[in-house]
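Please look over the sequence and the fold shown here before reading on.

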Amino acid sequence: DPILKDVRVRQALAYAIDRRAIVDYLRRGLAEVSTGILPPLSWAYAPDSFEFNCDPAKARALLDEAGYPDPDGGGPAPRFTLTLKTTSSEFNRLQSALVQQNLRDIGVDLDVRTYEFATLYTDVLGENFQLYFLQWTGGSLADPDILRRVFHSNQAPPAGFNRGHYSNSEVDRLLDQASASTDDLQRLDLFQQVQRIVAREVPYVSLWYKTNFAV
């Protein structure tokens, strides 16, 4: 995407979104703010990955640096407009409204479009999107090799799940080594390095880990 390919723009979006508000008010505290797609329960989770705290001032500075100044200095005219696709469930509509307001505060207009899940997922699989909301489920994260499927440059659809065509040669090298290794300690180190890089380059803005209770 001509706008989102700039890492500074993606970082600005991550700084703008108030994930703590989503967790506390929309998820009623039954979640934790996340740093990536691997949950803390994963044996390969990197607890020291960079976390984007809500910082609208930092977000505005990054957009200025990326060449998207506010055209009317905080007035109604946006720096640019992005489209977010999501499902029509109540939670996703509320989450979209919150993110829409967060981005408006940094001068970005968000066009929210809601669909039935099948339609949304067809667009995601067909790479017909700028932004979308979806969840990774625990079953798909049983092995951290999901990182290769999502972030390796040769895993763009239909080969894998790299739907945003994220490409980083160092991440590719680390993932290739992790795939070839049978040493769990080495794989742990390699997968954690990948998470640290990806956390700062933000191909995804990770929002929250859902809290589940079994009674």
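## The sheet

In this predicted model, L84 has L131 of β4 as its bridge partner, and β2 and β4 pair in the parallel sense over 2 bridges. These strands belong to an open sheet of 3 strands, which runs in the order β3-β2-β4 with parallel pairing. Because β3 and β4 (131-132) each have a single partner strand, they stand at the edges, and one side of each is left without a neighbour in the sheet.

## The nonpolar cores

The largest nonpolar core has 33 residues, and L82 and L103 are those with the most contacts inside it. At least two residues of this core come from each of α1 (7-16), α2 (19-26), β1 (31-33), α3 (56-65), β2 (80-87), α4 (90-104) and β3 (108-115), with α1 giving the most, 6 residues.

Beyond its neighbours within four places in sequence, L82 is in contact with residues including I3, L4, L13, V108, L110 and L131. A second, separate core of 16 residues includes L38, L147, V171 and V194.

## Helix α8

At the start of α8, a side-chain oxygen of D183 comes to within 2.9 Å of the backbone nitrogen of L185, whereas just after the helix V202 takes a positive phi of about 50 degrees.

Note on methods
Residues numbered from 1 in each chain as written. Predicted model: local features only at pLDDT ≥ 70, side-chain atom pairs only at ≥ 80, totals over all residues. Heavy atoms only, no water. Core = buried A, V, L, I, M, F, W, Y, C linked by side-chain atoms within 4.5 Å. Buried < 20%, exposed > 50% of the residue type's maximum accessible area, 1.4 Å probe, protein only. Helix = DSSP H or I, 4+ residues; strand = E, 2+ residues; numbered from the N terminus. Contact = heavy atoms within 4.5 Å. Pairing = 2+ DSSP bridges. Polar contact = N/O pair within 3.5 Å; in protein donor to acceptor, adjacent residues only side chain to side chain.
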